[in-house]
Amino acid sequence: MKNHLVIGNKNYSSWSLRPWLLLKVKDIPFEEEKIYLYRPDSKQKLKQYSPAGLVPFFQNSEVKVWDSLAICEYLAEAYPEKHCWPQELQARALARSISAEMHSGFQLIRNQLPMNCRQKMNFQVDSDELRMEINRVNSIWQDCRMHYQDKGDFLFGEFSIADAMFAPVVLRFNSYGIEVGSVARQYMQNILNLKAIQEWIEEGIAEKPVIEQAEI
Ligand SMILES: N[C@@H](CCC(=O)N[C@@H](CS)C(=O)NCC(=O)O)C(=O)O
């Protein structure tokens, strides 16, 4: 079986975007299947694939993998020539740290600024806690860019799993008009300029289903 990635709505499914973007940017062949989320039959369809009943889910003739970061880790091992993680040990340690931090944290950004490609507004950040999470993302992007800018346009120069993990945050900040520093803003633009991101956004906007709990 060829590489097969199961994803949710492109407009809303931030977890699905991560491995999808990595596959696209790294030019790894795959076919995608979309399951629209939060419909009466969604859970049953998801459970046919993923024991967790969630997207993203990935399979081929050798493996079944679920959870965005686990899929990215699998791809890094299966396609070492694609350099999914930075090649240098120190950079790789940092890339893993910020990817894990993203994967397990930033709860307020996730809850209060849900990914929604169709959304365009100026969100008023009135809680200190949310502002702290935004500031933390800003520092991560700024520090990485300042350190690795000579090597390319992304957090560690060449596009890596760290960029895939933060791409949905770029889309959120863009949708809600969240202000960041100039270095972080340029990094956001580099992600938004990716052909694959533009493709994802276009398809997300064109989708018909609306998930009320993800609309502000
Ligand atoms: N930690 C998981 C989170 C996966 C997740 O929460 N997926 C959401 C969509 S973005 C989902 O499948 N929701 C469907 C549901 O809850 O029924 C990952 O990294 O993949």
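G177 is partly exposed, with a relative accessible area of 30%; here buried means under 20% relative accessible area, exposed over 50% and partly exposed in between, using a 1.4 Å probe and protein chains only. This glycine sits in the loop between α7 and α8, where helices (H or I, at least four residues) and strands (E, at least two) are DSSP runs numbered from the N terminus. Leaving aside neighbours within four places in sequence, G177 is in contact with M121 and N122, contact being heavy atoms within 4.5 Å. G177 and M102 are 75 residues apart in sequence, and their C-alpha atoms are 20 Å apart in space.

A quick word on what you're looking at: this is a predicted model, in which local features need pLDDT of at least 70 and side-chain atom pairs count only at pLDDT 80 or more, while totals for chains, interfaces and linings use all residues. Residues are numbered from 1 along each chain as its sequence is written, and side-chain values use heavy atoms, with hydrogens and water left out.

Now step back to the whole chain. It is divided into domain 1 (4-82) and domain 2 (89-199), with bounds that come from an automatic or database domain assignment. Their C-alpha centres lie 21 Å apart, and 21 residues of domain 1 are in contact with 24 residues of domain 2.

What holds the middle of the picture is the largest nonpolar core, with 64 residues, of which W141, F173 and I197 touch the most other members. A nonpolar core is a set of buried Ala, Val, Leu, Ile, Met, Phe, Trp, Tyr and Cys residues joined through side-chain atoms within 4.5 Å. Elements that each supply at least two residues include β1 (4-7), α1 (14-25), α6 (128-148) and α9 (195-206), and α7 gives the most, with ten residues. Domain 1 and domain 2 both give residues to this core, so it lies between them. Take W141 as a way in: beyond its neighbours within four places in sequence, W141 is in contact with L155, F166, V169, V170, F173, A184, Y187 and M188. Apart from this core lies another, of nine residues, among them V6, L37, L46 and F57.

Next, the open space. About 700 Å³ lies in the largest pocket. On a 1 Å grid over the protein atoms alone, a pocket is an open set of points where a 1.4 Å probe fits, with protein on both sides within 12 Å along at least five of seven lines, and lining residues have an atom within 4 Å of a point. Of the 28 lining residues, the closest to the pocket's centre are S13, S14, W15, L37 and Y38. The lining draws at least three residues from each of domain 1 and domain 2.

Two more residues are worth a look. S160, in the loop between α6 and α7, counts as buried at 2% relative accessibility. E207 touches N9, K10, N11, K34, Y36 and R118, leaving out residues up to four places away in sequence.

Methods. Grid points are joined across faces, edges and corners, and a volume is the space filled by probe spheres set on the points.
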